[in-house]
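Here's a quick walk through the structure for anyone who would rather start from the contacts than from the coordinates. Have the viewer open as you read.

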Amino acid sequence: MTTETLIWLIPLPPLLAFFLIVLFTNKNKALSHSVAVGAAFLSWLGSMVVFVRALGVEHLGAHPFASSINWLPTGETWLKIGVLIDPTSAAVLFFVAWTVLMIFLYSVGYHNYGQPAGDHDRPGLPPHGATVADEHGHKHTVLSVEPMYSRFFAFIGLFAFGMYTLVVSDNLLTLFVGWEIMGLCSYLLIGFWYAKPSARNAAIKAFMTTRIGDVFMLLGIAFLYSATGTLTFRGIFTEETLHVLGAVPAGVFGLSAAGLISILLFIGTIGKSAQWPLHVWLPDAMEGPTPVSAMIHAATMVSAGVYAVIRMFPLLTADFNGHELTTAMSVVAFIGAFTAIFAATIAVAQNDIKRVLAYSTISQLGFMIAALGIGAYVAAVFHLITHAFFKALLFLGSGSVIHGMEHGVLHTGNHHVDPQDMFNMGGLRKKMPITFWTFLIGGFALAGFPVLTAGFWSKDEILADAWGHGHMAVFLTLAVAAFLTAFYTMRQITLTFLGEPRTEEAKHAHETPWTMTAPLVVLSFFAVTYGWVGIPEHFPILGGLVPNWFHEFVGGTLAEHPEALEFSAVPLLTSLGVALGGLFFGWLVYRNVTSVEQDKLQIPVLKNKWYFDEAYDFLFIKPAVWFSEVFVSKWMDKGLIDGILHVFGPVTDAVGSFIRRWIDLLIINQTIGDGSANVTYWAGENLRPIQTGRIQQYLILSLSILLLVGGLVYFLLLA
Amino acid sequence: MDYLNTHLLSLILFLPTVAALIMLFLPSGETKLLRWFAFSASLIPFVLTLVLWAGFDPNAAGFQFEEVYPWYEALHSSLHLGVDGISLSMVLLTTLLTPLAILASFSVTDRVKPYMMLFLFLETGMLGVFMALDLLIFFVFWEIGLVPMYFLINQWGSANRNYASLKFMIYTMGGSLGLLLAVQMLGVLFGTYDLLELYQRWNALDSGTLLGMSVSTVKAIAFWAFAIAFAVKVPVWPFHTWLPDAHTEAPTAGSMILAGVLLKLGAYGFIRLVLPFYPNEAKYFAGALAFLAAAAIVFGAFGSFGQTDFKRLVAYSSVNHMGFVVLGIAAAGLAAGTADAHIAMNGAVLQMFNHGLSAAGMFFLVGVIYERAHTRNLDDFGGLFPLVPVYGGILIFMSMASLGLPGLNGFVSEFMIVRGAYPVLTVYTAISMLGLLFTGAYILKGIMKVLHGPMNEHWAHGEHKLTEINAREILVALPLMALILVIGVWPAWILEVINKAVVALF
């Protein structure tokens, strides 16, 4: 099979799985998950083959795998769609394939496959546990299988299809298709337990918030398409087109056309990658099952936002002279850097194990966006990939922890204990060793633990780039954010795994089955080793031992291969300092904390996420509801427009009545109709007295009339 | 076979009427027979439309399958039929939706015979508009379509049906008054009503005086006479308030046809008559038209979001979606002759077809739940998903099509309209994005209020127990869903037919 054909086929198995499960196998749990995991495996296999073949191509950036077909007739021409694998998409495909496959496998265990059906479980709610009797007749409560087990696999199949489509697309349109399909799936999956009002609301919030970005993105696509006549990346990113777009003013804010298009497209990313100010949906999205959180927040959706900016990088930098950031780039850099530090401050004060990770995701995505804003292309891609691995690991790890805690909750039967609250945990390292060690690796990678972990190398590269190109504000902001990252990560690890169990439930936590731990082990392998493929050439001691494959490979995507940075001790020392310092303080502060009251960082403004939800509710949601329900429906449509229409009725009625009363009744009926009759009647009535029947009178009358007429004739006519 | 090919259009057009007349002689009590007869009869035009589609050559210029019969010779009006790519797609939509609407009406038990007959008459009325190549014939069919719909709403509608049917009838007829005058003026001026002839002679007339006014003034007045008649039908804001009432009160199948086809008559009028007759005026007034379109998109979306009645919510969504059609038409009028115009017009025609599918589907699904629950109040629902999972899945699918989810049909057409309109009507396009955003809001509100939430005990047990969607109803939804998906994934098969006609005309 040619590589191009294979690329076309990569997204299809999960889509097929979706339809198969929905239409045929949904009653059979084993068949459904086999279909889904099998499909994920096929896509993984295809991706790996493509990746390996891509490695073997020299100058893949200039000669990518590409193939396209006519899709949409547009007047005299066609809009083409197709697939493209260049170095960047090959690298992204690699991590997507691995994380997706691991998440699929993990879901089998997470949804308690093989466990009995729950006593009171019903579709739309998380399973509550089932009572079983052992051989001695003792009753135990054990985890019960998810009632909508098959449906879950159908949805994540569709989700994977969306992500694969996005990655292999050679044009913005199918990228947007994949993008929106993921939006739908995130809606369906965040609201998977739709009977919980919180999940239902979170799903709508996620969909609507990202849709704000999407409509701007659609405008950007329309603008780009009309300006260039094409939507394929290779068609847009020709030197000539970019030069024109970079030179033509767009007419707003002094932006070039390229700048305005980039910003419009970037607003899509702000929504999808949960950047400030559209970050509000992501933490609430934790309402979904944990594999979904990993899917959305690591492997697929939020990465898609960053990936879109990565794809559009040549456009973003079309009028970039290499030194002074363009307006569009400054916007991107500002949003990224601000989000990085802003979200990190919130993460510090969260107690829900998944919410910490949620804010951490927002913050780390900010790092990538900021890197793209300052032109650090390779560093951004690098961090995207390492982050995907360790964040997927952390989410799945947290799911494993929650699962273990739920085991404890079912054991004690005390359902008031929140199995996600870190203050209910502690000491889990002994109960859940695999989860602990893998979580530790993931956490250290997130914190940027030096040399060993992948997160160190990618984060260091971003800092080095910011420093090397003199973007001090970005550098300092990201350095502080990195410190906070290490701090809250260690806080999380300490509260969850170290010390002694703080509740009875934590004492009875239990390691999870192999379907859940195996993915953790695989992902922790990448969370360590993936960093080693991108060690800068000039790094002390280690540099040059292994070639900086990542820089060479991914850098080849761009028309101009980015130069390797000169080594500087300042960013290196900074990233060492903030990572180790953050980890140390995190441990120091929280090692003896036993209850939430002792936590000094439970600051209301941080806990309440700087009150953005409340502000948005007041500023946007309430007015929009009022505008719809009162202004448009009541005042405008029912009041004004129908009011005007309803005037026609009475007015017509009045005109009709007027005509009837004053014309028909009065003039025609009374005056003309009845009037002529009345006159005749009156005349007859009054003439009656002369009808006496006496011949003499008649003769006198005849004579008088004869005289009168004769006189008149004589005087008037003859005289 | 030869006879079939030369009389294909008239067969498709009049077979429903013939079937309706035959129904007169069927026994009124045999409801089963009546239903199946009407359903089978309405399938014949559909099959013939497939034959028509197969025999249609998209690459040939002009109208195909033309037929001319003498009709009103004193006025030089003849029954002139013909289709091009634009009307062909509308004919397909009509002949597809009619059998589905009849199938959806199998649950009607009240006076089945006249009900089914009215549907068949209605089909002829709608098809006539799409096939007519004679202005007077166009107008006649335009008005004929109103009558069966009036009775369907008035006789089989729900509580407020008198008000709604009267408003529908009066409003549309009022709008048509100007159209009638303008049509007569054209007929008197040129001594013919034949569209093809009028296109040339009317457009050749560009200076001098007519009826004591300059030609440009007459044309501007006639333009608005046409435009308002069609704007009421589309409906464009602020002429839209008849729609929520008519849709809400009409029986389910009536709403399906009303949203699915009748609204398209207005947009079709713009495309077939307004733009070809008044290219200069269309260009000159494009901004005004786009303003109304953007208002329809935005206020339609907000209006929909503000409803508490499920059916009204869906009804307002039609205002929102048809606004995009008008936006595309405005852009095509403004940019006539350019690629932007072609893309916008392609999008507009496809959007008509797409909205026909998704709106009919949505109204049908509302009807399914209304038949069972006897309420449409959104606050009475919620938490129905566990009770009716299959219905829920279909509803989500249909809602997503309505929302314009990429991968389904609505996205393709909305994207093309936005793409075509953006370069020429940038501000209005940007404003209409607000409507697109709120499309999401009202769709999700609908799903949330009906399906999501804690399981609804009221509908779970006893006399109120909600039953799952049945096989017949799935059969109604299935063709719609299949087409929605197919067009979303592979729109070229239908767009190629539309595109050639669009390029030839605009």
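What follows goes from the chain pairing to the domains, then to helix packing, and ends with some backbone details.

**How the two chains meet**

Keep in mind that this is a predicted model. Chain A and chain B touch each other through 42 residues of chain A and 42 residues of chain B. On the chain A side, the elements giving two or more residues are β1 (65–74), α6 (172–190), α7 (197–228) and α27 (612–687). Which of them gives the most? That's α7(A), with 14 residues. Sort the chain A side by class and you get 26 nonpolar, 8 polar and 8 charged residues.

**Domains, chain by chain**

Chain B comes in two pieces, with domain 1 covering 1–233 and domain 2 covering 285–506. Their centres, taken over C-alpha atoms, are 24 Å apart. Between them, 18 residues of domain 1 of chain B are in contact with 20 residues of domain 2 of chain B. Helix α4 (residues 85–104) of chain B supplies the largest share of the domain 1 side, 10 residues. That domain 1 side is made of 13 nonpolar, 4 polar and 1 charged residues.

Chain A is assigned three domains: domain 1 (114–145), domain 2 (377–390 + 398–604) and domain 3 (617–694). For domain 1 and domain 2 of chain A, the C-alpha centres lie 35 Å apart. The contact here takes 4 residues from domain 1 of chain A and 4 residues from domain 2 of chain A. On the domain 1 side, the classes come out as 2 nonpolar, 2 polar and no charged residues.

The table gives the geometry of both pairs.

| Helix pair | Axes come within | Crossing angle |
|---|---|---|
| α7(A) and α10(A) (residues 257–272) | 7 Å | roughly 155° |
| α6(A) and α13(A) (residues 301–311) | 10 Å | roughly 155° |

Take α7(A) and α10(A). Their axes cross at roughly 155°, and since angles over 145 degrees count as roughly antiparallel, α7(A) is roughly antiparallel to α10(A). The crossing of these two helices is left-handed. From α7(A), the contact residues include A:Thr209, A:Ile212, A:Phe216, A:Leu219, A:Phe223 and A:Ala227. From α10(A), they include A:Ala257, A:Ile261, A:Leu264, A:Gly268 and A:Lys272. By class, the residues of this contact divide into 13 nonpolar, 7 polar and 2 charged.

Now for the other pair. With a crossing of roughly 155°, α6(A) is roughly antiparallel to α13(A). Here, too, α6(A) passes α13(A) in a left-handed crossing. Who makes the contact between α6(A) and α13(A)? On α6(A) the residues are A:Leu175, A:Trp179, A:Met182 and A:Ser186, and on α13(A) they are A:Met301, A:Ala304 and A:Ala308. The class breakdown is 6 nonpolar, 1 polar and no charged residues.

**A hairpin in chain A**

Have a look at strand β3 (residues 130–133) and strand β4 (residues 139–142) of chain A, which run antiparallel and are joined by 4 bridges. One bridge pairs A:Ala130 with A:Val142 of β4(A). The hairpin has 5 residues between the strands, and A:Gly137 in it takes a positive phi near 90°.

**Backbone details to click on**

Which non-glycine residue has a positive phi of about 60°? It's A:Asn112, placed in the loop between α4 (87–110) and β3 of chain A.

There is also a cis peptide bond to find in chain A, joining A:Trp276 and A:Pro277 with omega about 5°. A:Pro277 sits in the loop between α10 and α11 (281–284) of chain A. Chain B has a cis peptide bond as well, between B:Val234 and B:Pro235, with omega about -5°. Where does B:Pro235 lie? In the loop between α10 (215–233) and α11 (242–249) of chain B.

Notes. Residues numbered from 1 in each chain as written. Chains lettered and ligands numbered in written order. Predicted model: local features only at pLDDT ≥ 70, side-chain atom pairs only at ≥ 80, totals over all residues. Contact = placed C-beta atoms within 7 Å. Nonpolar A, V, L, I, M, F, W, Y, C, P; charged D, E, K, R; others polar. Domains from an automatic or database assignment. Axes fitted to C-alpha atoms, helices over the stretch in contact; angles between N-to-C directions. Parallel < 35°, antiparallel > 145°, perpendicular 65-115°, else oblique. Left-handed = near helix turned anticlockwise from the far one by under 90°. Pairing = 2+ DSSP bridges.
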